[in-house]
Amino acid sequence: MANIGPAYGMSRDVQSKIEKKYDDELEDRLVEWIVAQCGAAVGRPERGRLGFQVWLKNGIVLSRLVNSLYPDGSKPVKIPDAPPTMVFKQMEQIAQFLKAAEDYGVVKTDIFQTVDLFEAKDMAAVQRTLMALGSLAVTKNDGNYHGDPNWFMKKAQEHKREFTESQLKEGKNIIGLQMGTNKGASQAGMSYGRPRQIIS
């Protein structure tokens with residue numbers, strides 16, 4: 001990894017705007033959920049953006065989190081016995097979590113980039129991904145979610161409707177109001193200017 005010096009000018013402004021999006025209250029809720037989901041063995045981070053980043057940086061906590069959302073015997077991420085110390089191994093572990101989160105149902109637009117976490121470029125994006133993962137876990141309601149279900153919003157689910165053939169035929173005879181209506185439409189009483197004068 002290249003050493004990155006201090007930011008100046010516009011890049012500093014952009015980075016400070018990104019850092020302002022980080023939510024400390026949301027961090028507390030996410031830590032509570034991760035500990036409830038994975039158990040006390042994962043520990044707790046120091047409070048603040050940097051502590052949260054260091055806690056998640058090697059990818060082990062994230063891998064345990066996504067594995068805990070699956071039933072036994074179908075864990076998507078392999079977790080090494082000893083936490084990885086080499087940079088590329090840690091980034092690889094984060095990438096495995098991201099792939100498993102996408103397979104679980106998190107949409108691509110909600111998934112952070114590996115450098116967002118590893119170099120603390122955008123910790124708010126990391127929070128968004130974890131929120132999306134939690135919302136999906138609550139929505140699925142398959143018994144693998146642990147913690148308070150009120151921590152996350154349920155996602156909207158499909159409510160498919162079935163119509164009989166006769167109901168579909170009846171629907172063809174009705175003119176929808178968005179098409180307009182011809183009831184009560186006439187030009188009676190309307191006049192446009194003076195009538196034409198014919199003089200002989």
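Guide: Of the 200 residues in the protein, 34% are buried. Buried means under 20% relative accessible area, exposed means over 50%, and partly exposed lies in between (1.4 Å probe, protein chains only). This is a predicted model, so local features need pLDDT of at least 70, side-chain atom pairs count only at pLDDT 80 or more, and totals for chains, interfaces and linings use all residues. Residues are numbered from 1 along each chain as its sequence is written, and side-chain values use heavy atoms, with hydrogens and water left out.

Start with the overall fold. The protein has eight helices and zero strands. Both are DSSP runs, numbered from the N terminus: helices are H or I with at least four residues, strands are E with at least two.

Now take α7. This helix covers residues 123-140, which makes 18 residues. How far should it span? The rule is 1.5 Å times one less than its number of residues. That gives 26 Å, and the end C-alpha atoms are 26 Å apart, so the two agree. In α7, 16 of the 18 residues are buried, so the helix is largely enclosed by the rest of the structure. N141 follows α7, with a positive phi near 50 degrees.

Next, look at K140, within the range of α7. Its charged end sits over the ring of Y104, 3.7 Å from the ring centre. To count, NZ of Lys or CZ of Arg must be within 6 Å of the ring centre and within 35 degrees of the ring normal. Elsewhere, K57 lies over the face of F118, 4.8 Å from the ring centre.

Stay with Y104. Its relative accessibility is 5%, so Y104 counts as buried. Now turn to ring pairs. The whole structure holds four aromatic pairs. One of them joins Y70 and Y104: the centres are 5.6 Å apart and the planes meet at 65 degrees, so the pair is edge-to-face. Y70 lies in the loop between α4 (60-68) and α5 (87-104), and Y104 lies in α5, so the pair ties together parts 34 residues apart in sequence. Rings of Phe, Tyr and Trp (its six-membered ring) pair if their centres lie within 6.5 Å; planes under 30 degrees apart are stacked, over 60 edge-to-face, and the rest tilted. Y70 is buried too, at 17% relative accessible area.
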